[in-house]
Amino acid sequence: MTAIPSPFAYAPAPESVRPVLKASYGLFIGGKFVDPKSGKSFQTINPATEEPIAEVADAGAADVARAVDAARKAFPKWSKTKPAERAKLLFRIARRIQERSRELAVLESMNGGKPIKESRDEDLPLVVQHFFHHAGWCDKLPYAFAGAQPKPVGVCGQIIPWNFPLMMAAWKLAPALACGNTCVLKPAETTPLTALMLAEILQECGLPDGVVNIVTGGPDAGRAITALAGSGVDKIAFTGSTEVGKAIAKAVAGTGVKLTLELGGKSPNIVFADAALDQAVEGVVSGIWFNQGHVCCAGSRLFVEESAHDDFVARLERRMQQLRVGDPLDKNTDVGAINSKAQLETINRYLKAGSAEGAHKHEVSCPLPKKGFWCRPTIFTGVQPSHTIAREEIFGPVVSVMTFRTPEEAVQRANNTTYGLSAGVWTEKAARALEMSNRLGAGVVWLNTFNRFDASAPFGGYKESGFGREGGRQGLSAYLKVGGGR
Ligand code: NAD
């Protein structure tokens with residue numbers, strides 16, 4: 001199908017705010033930006049233009065050890081700081097992020113490729129919410145874990161991915177700080193800049209030196225953090241791929257260190273014939289094309305009841321053709337740039353495999369920018385459960401459509417995966433929705449909606465999607481020793 005020509009094409013609406021950036025950034029250790037002992041740095045680029053944005057320090061093992069030392073030194077005082085004082089600081093950080101949110105949103109889009117309307121309206125509000133929410137917990141921990149005498153764990157090593165850089169930083173830092181821990185955070189190598197701007201905000205807000213340390217770098221810097229598990233680092237929190245999560249689980253095993261893993265997914269989005277179909281189409285759009293499909297809980301396996309399949313796919317394809325792909329800093333853009341060349345190559349391999357294994361490809365027909373990393377939003381129909389694109393996480397704007405005839409078959413097919421992060425169910429029958437949600441093996445089940453997050457709602461997975469929760473009271477327990485134990 002080709003795009004329906006619109007008589008009302010949108011004029012470009014470029015974002016005018018530009019963040020104030022330095023040409024180069026050191027590591028944020030002990031409350032200051034310092035040069036890396038490794039003497040190494042790397043260029044971070046804009047994936048929509050392939051142009052460099054800034055030079056960023058590449059932390060070596062000695063730098064990570066220095067950051068862990070700084071966090072250790074800061075721990076005794078910070079963990080004994082009055083909870084209400086910690087709360088005041090977290091509130092201040094939340095407010096300052098709010099004040100600078102447009103600048104942070106633009107930087108997130110520049111460094112990561114996501115559309116400004118998403119970084120502005122989804123990422124930043126959730127970042128702020130996480131700090132506000134956790135500020136409120138600081139002085140209520142003894143009530144949240146009544147009788148258990150909750151105590152901070154100590155120094156937390158936190159390693160995050162590139163798909164929601166600042167949001168992942170907030171999900172890690174806010175609960176850890178609320179519970180009285182100190183942190184060494186490592187952003188992903190392709191998206192370090194908003195974490196470094198956050199470091200400036202922490203300085204402005206007067207967070208004591210060493211309470212948060214930010215070390216930029218690649219997998220080696222991450223490995224240097226996990227290597228200190230049990231000898232300086234008391235907790236590891238990781239969000240990223242299942243493959244790296246398994247390596248980290250091995251590295252941490254036997255150290256007695258608390259571990260949480262938020263890993264990949266291949267989540268089902270299930271549409272019954274009785275659903276409000278146009279509403280379900282919007283849910284599928286946000287389930288798979290939000291953030292270019294770089295979403296751990298993306299609804300990348302779409303199951304449509306057989307009797308509604310043709311009608312639903314036609315509606316979905318018509319809607320897909322309306323998506324505007326292009327400049328992430330244009331306020332009209334729906335789908336931005338793929339985060340990196342390497343990720344684009346991965347997605348392209350899956351697109352080839354989908355066609356080679358016999359699925360039918362439908363893609364957006366709009367022109368793509370010449371420079372930068374771009375992928376057309378894609379639907380595969382005629383997908384079999386054994387196809388690679390039905391089993392493996394693509395982490396791109398590609399949805400695989402399959403069918404089912406009965407609720408029983410929908411549950412079986414949806415649960416036939418090594419993952420278990422999220423699921424969506426679309427039906428007008430409340431009893432069916434609740435029955436399905438009880439039977440789906442996923443950490444989060446959305447009913448008649450998709451990709452909704454809230455700081456008070458725990459998020460996390462089962463099986464190869466990891467363990468541990470982020471958000472809510474459950475998320476706090478990962479950062480506390482309760483009952484005097486671990
Ligand atoms: P990745 O696993 O390659 O990298 C994640 C982070 O780990 C990066 O900071 C990286 O530098 C670091 N790292 C890499 N190798 C390491 C090692 N051996 N030891 C320590 N650190 C190491 O993942 P990615 O490509 O950045 O992110 C995409 C993945 O993240 C997807 O699989 C996605 O599903 C997952 N994800 C999960 C959630 C969730 O909450 N479950 C959220 C976002 C992303």
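Glutamine 321 is buried, with a relative accessible area of 7% (buried means under 20%, with a 1.4 Å probe and protein chains only). This is a predicted model, in which local features need pLDDT of at least 70 and side-chain atom pairs count only at pLDDT 80 or more, while totals for chains, interfaces and linings use all residues. Residues are numbered from 1 along each chain as its sequence is written, and side-chain values use heavy atoms, with hydrogens and water left out.

As for its place, glutamine 321 sits in the loop between α11 (309-320) and α12 (341-356); helices here are DSSP runs of H or I, at least four residues, and strands are runs of E, at least two, numbered from the N terminus. A polar atom of the glutamine 321 side chain lies 3.2 Å from the backbone nitrogen of serine 365. Threonine 378 is 57 residues from glutamine 321 in sequence, yet the C-alpha to C-alpha distance is 9.9 Å.

Another glutamine, residue 292, is in the loop between α10 (277-288) and β13 (301-305). Glutamine 292 is buried too, with a relative accessible area of 0%. Its side chain has a polar atom 2.8 Å from the backbone nitrogen of glycine 336. Leaving aside residues up to four places away in sequence, glutamine 292 touches (heavy atoms within 4.5 Å) residues including Gly113, Lys114, Pro115, Ile338 and Pro397.

Then there is the helix pair: the axes of α3 (residues 101-112) and α4 (residues 116-137) come within 8 Å and cross at roughly 125°, with axes fitted to C-alpha atoms over the stretch in contact and angles run from 0 to 180 degrees between N-to-C directions.

Terms used:
Buried < 20%, exposed > 50% of the residue type's maximum accessible area, 1.4 Å probe, protein only. Polar contact = N/O pair within 3.5 Å; in protein donor to acceptor, adjacent residues only side chain to side chain.
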